[in-house]
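Q: I'm new to reading protein structures, and I'd like a close look at just one part of this one. Could you pick a cross-link and walk me through its surroundings?

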Amino acid sequence: MKSLAARALGIVAMAGFAVGVAAAPAAAADNTFELATGSVSAYGTYDRMMSIPEHPVAPIRISGTLAVNSAKACGVVQVAYNGPTDGIEWRTFGTLCGKGKTNFTTTSNLLFGGFEPAVRLCKGSTVKKAERGTACDTFTPAAD
């Protein structure tokens with residue numbers, strides 16, 4: 001028969017194991033994002049891709065859904081990339097005008113220094129105005 005102290009240690013050890021198991025799914029959720037600005041929203045995931053020397057691919061795949069809830073609004077989803085002289089530029093890879101939803105997918109390289117690129121959602125009355133980046137919400141992934 002185990003002593004009361006031994007039983008208590010066993011229960012604490014089991015509780016610690018259960019907490020460790022429960023914490024694992026939270027870490028997996030770090031690759032998701034949700035963005036919203038006005039009547040425009042987007043959500044999606046970042047995925048690290050594997051590459052082989054014979055068929056190299058960009059290391060990051062970003063995919064998700066863009067939704068517009070106003071007939072007079074446009075939304076754009078953009079990814080950061082390295083511009084000239086080490087500046088950050090934005091490349092549009094998802095657009096939608098008027099009410100509805102659309103899916104988007106793109107691949108991207110890491111930024112200088114090995115950082116995952118940020119994603120931003122911008123809105124405007126036209127795609128061109130949304131791309132100016134005056135009304136935006138930005139998601140920046142946590143550094144590894």
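A: Let's start at the sulfur atoms: the torsion about the S-S bond of Cys122 and Cys136 is about 105°, so this disulfide is right-handed. The two cysteines sit in distant parts of the chain, 14 residues apart, with Cys122 in strand β7 and Cys136 in strand β8. Their sulfur atoms are 2.0 Å from each other, and a disulfide here is a pair of cysteine sulfur atoms within 2.5 Å. Strands are DSSP runs of E with at least two residues, numbered from the N terminus.

Before going on, a word about the model: it is predicted, so local features need pLDDT of at least 70 and side-chain atom pairs count only at pLDDT 80 or more, while totals for chains, interfaces and linings use all residues. Residues are numbered from 1 along each chain as its sequence is written, and side-chain values use heavy atoms, leaving out hydrogens and water.

How do the two ends of the bond compare? Cys122 is buried, with a relative accessible area of 0%, whereas Cys136 is partly exposed at 29%. Buried means under 20% relative accessible area, exposed means over 50%, and partly exposed lies in between (1.4 Å probe, protein chains only).

Five of the six residues of β7 are buried, so the strand is largely enclosed by the rest of the structure. One of its partners is β8 (residues 136–139), which pairs with β7 in the antiparallel sense over four bridges; two strands pair if DSSP finds at least two bridges between them. In this pairing, Val119 stands opposite Phe139 of β8. Strand β4 also runs antiparallel to β7, joined to it by six bridges. There, Cys74 has Gly124 of β7 as its bridge partner.

Cys74 is buried at 4% relative accessibility, and Cys97 is partly exposed at 43%.

Gln78 lies in β4 and counts as buried at 2% relative accessibility. Its side chain makes polar contacts with the side chains of Arg120 (2.6 Å) and Thr92 (3.0 Å). A polar contact is a pair of N or O atoms within 3.5 Å; within protein, one must be able to donate a hydrogen and the other to accept it, and residues adjacent in sequence count only if both atoms are side-chain atoms.
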